[in-house]
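Here is a friendly briefing to read alongside the model. Have the sequence and the 3D view open as you go through the points.

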Amino acid sequence: MRDIIDPMVTEGTGATLTPRRWLQALAKQQRKRLLGAALFGVLAGGQTIVVVVGIAWLIEQLVVQGRSPIALWPVFALLAGSVVLRAVFQWGYETLSLEASLRIRQLARGQLLDKLSALGPVWLTGQHSGSIANQAVEHVDALEGYFARFYPQLRITLLLPLLILAVAGWLDYLVAVFLLLSAPLIPLFMALVGMGAERLNRDQFVAVSRLSAHFIDRVRGMTTLQLFGRTAAAQQDVWYATDGYRRLSMRTLRLAFLSSAVLEFFSSVAIAVVAMYVGFGLLGYIEYGPSTSLTLFSGLAVLLLAPEFFQPLRTLSQHYHDRAAALGAAESVVNILNEPSLVSPHAPMTPSSPTAIIEIDAVCVAYPGRGQVLGPIALSIQQGDVIAISGESGSGKSTLLALLAGFIAPSSGDYRRVADSHYAWLDQQPCLLHGSLLDNLRLAAPQASREEMSVALQRAGFGPLLAKLPSGLDSLIGERGMGLSGGQAQRLALARVYLSKAPLVLLDEPTASLDQETEQAVMAALLELAQEGRTLVIATHHPEVIAAAQRHFAFAHGQLVEVAT
């Protein structure tokens with residue numbers, strides 16, 4: 001359901017996903033609810049016509065014909081019923097449109113998250129988390145007004161004025177001609193104003209994404225800024241950035257008010273023309289066409305219908321900025337959806353060797369815009385291996401680990417992996433979340449008991465620190481392990497590896513930036529994993545780690561060569 005339009009499919013034909021196509025595709029998923037909402041809106045407008053015409057007829061009967069209000073009670077009852085029906089239809093319109101909008105936003109957010117998963121951690125490392133979070137939350141929520149208000153109202157605006165025009169033409173065809181001539185001017189000028197509003201909304205969403213990233217960067221670097229005495233300058237930068245966003249928001253609002261002013265001007269002129277025609281016609285100054293047969297009923301009815309003719313356009317104008325906001329938000333989301341996926345969506349082939357976990361043969365890896373960065377290489381990883389991979393910085397160690405983990409797909413060659421295998425990942429900067437130790441451990445084993453977590457921490461060498469913490473497993477740490485040293489963070493991440501029970505453990509420079517004592521403790525804990533029969537693949541340049549491995553591969557001149565141990 002989520003993959004309505006796959007950008008990777010459209011790339012082959014030279015077409016790309018555009019904001020408008022994406023919004024149309026999302027609307028198709030809730031077509032019945034959106035059309036139902038529009039139908040209820042038209043029915044509510046129809047009841048308004050009944051009420052307006054009924055009031056005009058009642059006034060004529062009471063004033064001109066002199067009839068008693070008691071004799072007209074059936075008409076009063078009919079009008080009261082129409083008011084109740086209008087409220088019911090309006091409720092149906094609101095309910096269906098809001099439900100459709102909610103489901104569409106859930107669908108859009110799911111598509112975006114699925115795409116981020118397909119792009120993988122390698123792509124995400126080059127993005128700013130604040131900007132991505134803003135797109136997943138704020139930009140998707142910006143679609144609410146488009147689907148809940150503008151999309152159904154656009155259908156109502158196409159149908160309801162035609163219905164009012166037909167009733168007005170039945171009463172007096174000259175009034176229908178006046179309304180028909182004035183109607184095209186309003187969408188024309190609204191479109192001209194809307195072009196600028198769409199561009200400004202697009203710039204506004206780009207600005208707010210940059211502002212989110214800018215603010216988070218300054219908060220994360222607060223320690224460094226304080227050390228160099230740059231906090232005041234950073235505060236001034238944030239102020240300038242927010243002031244620029246404020247100015248852009250005010251420009252957007254000015255255009256929104258301008259579109260409303262254009263609509264009100266032309267609709268007021270048209271209503272004034274109708275009022276003048278009715279007034280002069282009733283006074284006998286106009287003796288052309290149906291004006292000679294104007295009565296209080298027909299004149300009052302068309303005069304009351306004229307504002308209702310423009311009311312759908314007024315409502316559409318009020319929600320026109322929702323369309324511009326949705327297009328601006330959709331553009332930033334579509335830019336991500338159009339990114340070529342790095343993670344292969346296809347299941348890998350089964351290794352030819354029964355003891356092999358992963359086999360790669362003549363594999364190359366290429367990044368969009370960078371070309372080939374790895375390969376061709378060949379490697380077979382057997383169950384229980386402890387493999388060290390070394391090489392200069394930038395030689396391809398991290399890329400190879402990402403390939404083994406499935407974070408990126410090979411651009412060519414064969415990649416074979418046991419279908420039901422899973423792995424644990426540990427790098428030099430483990431991902432630790434703001435929360436308790438227990439919360440971070442549950443990422444690897446949600447069903448693990450507190451006793452199992454304590455044992456895993458003891459095995460990882462975190463036990464002495466755990467015993468000193470007054471809250472134990474409930475002790476809080478900050479984002480990225482704030483409050484822990486580098487070695488303590490590594491040991492906490494290692495405890496997650498113990499809890500995961502994964503047969504394959506991939507480690508990217510796990511002992512980097514650690515002192516010798518901590519490095520030895522971490523390596524001893526890792527070798528315990530190997531004794532349990534787990535397979536370890538370690539990217540490292542430390543001789544001690546290489547010496548502890550059973551097999552050693554090194555990158556030399558772009559080739560992966562096994563070195564005798």
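Lys501 counts as exposed, because its relative accessibility of 61% is over the 50% cut-off. This residue lies in the loop between helix H17 (486-500) and strand S8 (504-508). Please keep in mind that the model is a predicted one.

**Backbone points to look at**
- Most residues other than glycine have a negative phi.
- Lys501 has a positive phi, near 60°, and is not a glycine.
- Ala362 is another non-glycine residue with a positive phi, in this case near 55°.
- You will find Ala362 in strand S1 (residues 356-367).
- Ala362 has 40% relative accessibility, so this residue counts as partly exposed.

**Helix H2 against helix H12**
- The axes of H2 (residues 19-29) and H12 (residues 320-337) come within 8 Å of each other and cross at roughly 100°.
- H2 contributes Pro19, Arg20, Trp22 and Leu23 to the contact.
- On the H12 side, the contact residues are Arg323, Ala326, Leu327, Ala330, Glu331, Val333, Val334 and Leu337.
- By type, the residues of this contact of H2 with H12 are nine nonpolar, three charged and no polar.

**The chain as a whole**
- The chain holds 19 helices and 11 strands.
- Its 565 residues include 48% that count as buried.
- The chain exposes about 28100 Å², and 60% of that area is supplied by carbon and sulfur atoms.
- Of the contacts between residues at least 6 apart in sequence, 79% join residues at least 24 apart.

How values were computed. Residues numbered from 1 in each chain as written. Predicted model: local features only at pLDDT ≥ 70, side-chain atom pairs only at ≥ 80, totals over all residues. Heavy atoms only, no water. Helix = DSSP H or I, 4+ residues; strand = E, 2+ residues; numbered from the N terminus. Buried < 20%, exposed > 50% of the residue type's maximum accessible area, 1.4 Å probe, protein only. Contact = heavy atoms within 4.5 Å. Areas by Shrake-Rupley, 256 points an atom, 1.4 Å probe, with all protein chains shown as cover. Axes fitted to C-alpha atoms, helices over the stretch in contact; angles between N-to-C directions. Nonpolar A, V, L, I, M, F, W, Y, C, P; charged D, E, K, R; others polar.
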